[in-house]
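These are my notebook entries on a single structure. I record what I looked up and what I found.

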Amino acid sequence: MQERNVNPLGQKRLEAISLVASYAAGGSTVAAAPTPCAEIPTQIVLTASDILMYTSIWKIYFQEDLSQEQLMEMLAELGLITVAATGTAYVVAKGSTALLDEIMDWLGVVGWGVSAAITASLTGISGVAWTMYCDRRYCEQHPEAAT
């Protein structure tokens, strides 16, 4: 049997995308659970999970921890949060999602499914955007890896 050489950059990409998928699945599971009148705490948990996802992806690429300040600066650079009001856009998105989830709770199973899909989509999109950002920075720092 032949042993395959794994491209280190390809391995990082695979690990990061697998991580995003697992966080999206986990977040959708949390969001699907009916929590009438308690969506804000759910969104706080999901926000903490997103931050953990971002820092974990960073660690996959750069083998170092990322401070909260560094993370906020990079998320602003990426456009996931605004520079003028760091985190405000993210908080508004999470607040809107919480309100929408509250309404979805009234719809029963269908609403819970929609809440799960929305949460998974938002986590997936932001996770992929962050992964692409980390990948680009890694390739800039290690041009030999991109070939």
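In which helix does Ala120 lie? I located Ala120 in helix α5. I take helices (H or I, at least four residues) and strands (E, at least two) as DSSP runs, numbered from the N terminus.

**Basis of the entries**

I note that this is a predicted model, in which local features need pLDDT of at least 70, side-chain atom pairs count only at pLDDT 80 or more, and totals for chains, interfaces and linings use all residues. Residues are numbered from 1 along each chain as its sequence is written, and side-chain values use heavy atoms, with hydrogens and water left out.

**Overall make-up and confidence**

I counted 5 helices and 0 strands in the chain, which reads α-α-α-α-α along the sequence. Of the 147 residues, 37% are buried; buried means under 20% relative accessible area, exposed over 50%, and partly exposed in between (1.4 Å probe, protein chains only). I then looked at contacts, meaning heavy atoms within 4.5 Å. Among those between residues at least 6 apart in sequence, 76% join residues at least 24 apart.

I checked pLDDT, the predictor's confidence in each residue, from 0 to 100. The chain has a mean of 79, and 71% of its residues reach 70 or more. Confidence is highest in helix α1 (residues 8-32), at a mean of 92, and lowest in helix α4 (residues 88-105), at 59. Over residues 83-88 pLDDT stays under 50, and the model has 5 contacts beyond four places in sequence for this stretch.

I returned to Ala120, which is partly exposed at a relative accessible area of 23%. Leaving out residues up to four places away in sequence, Ala120 touches Ala24 and Ser28. I also looked up the separation of Ala120 from Thr29: the two are 91 residues apart in sequence and 8.7 Å apart in space, C-alpha to C-alpha.

Is Thr123 buried or exposed? Thr123 is buried, with a relative accessible area of 3%, and lies in helix α5. With residues up to four places away in sequence again left out, I found Thr123 touching Val20, Tyr23, Ala24, Asp50 and Met53.

**Packing of α3 on α5**

At what angle do α3 and α5 pack? I read an angle of about 100° between helix α3 (residues 68-78) and helix α5 (residues 109-141), with their axes 11 Å apart. That makes α3 roughly perpendicular to α5. Axes are lines fitted to C-alpha atoms, for helices over the stretch in contact, and angles run from 0 to 180 degrees between N-to-C directions. Angles under 35 degrees count as roughly parallel, over 145 as roughly antiparallel, 65 to 115 as roughly perpendicular and the rest as oblique.

I listed the residues that meet: Leu71, Met74, Leu75, Glu77 and Leu78 from α3, with Ala129, Trp130, Tyr133, Arg136 and Arg137 from α5. By class, this contact has 7 nonpolar, no polar and 3 charged residues (Ala, Val, Leu, Ile, Met, Phe, Trp, Tyr, Cys and Pro count as nonpolar, Asp, Glu, Lys and Arg as charged, and the others, Gly among them, as polar). Within α3, I found Leu71, Met74, Leu75 and Ala76 buried. After α3 comes Gly79, with a positive phi near 95°.

**Salt bridges**

How many salt bridges does the whole structure hold? My search found 3, a salt bridge being a side-chain nitrogen of Lys or Arg within 4 Å of a carboxyl oxygen of Asp or Glu.

- Arg13 and Asp135 meet at 2.7 Å, N to O. Arg13 lies in helix α1 and Asp135 in helix α5, so the pair ties together parts that are 122 residues apart in sequence. Arg13 is partly exposed at 37%, whereas Asp135 is buried at 12%.
- Lys59 and Asp65 meet at 2.9 Å, N to O. Lys59 is partly exposed at 41%, and Asp65 is exposed at 61%.
- Glu140 and Arg136 meet at 3.2 Å, N to O. Both lie in helix α5, 4 residues apart, about one turn of the helix. Glu140 is exposed at 52%, and Arg136 is partly exposed at 40%.

**Backbone at Gln63**

Most residues other than glycine have a negative phi. I noted that Gln63, although not a glycine, has a positive phi of about 50°. Gln63 sits in the loop between α2 (39-62) and α3 and is exposed, at 54% relative accessibility.
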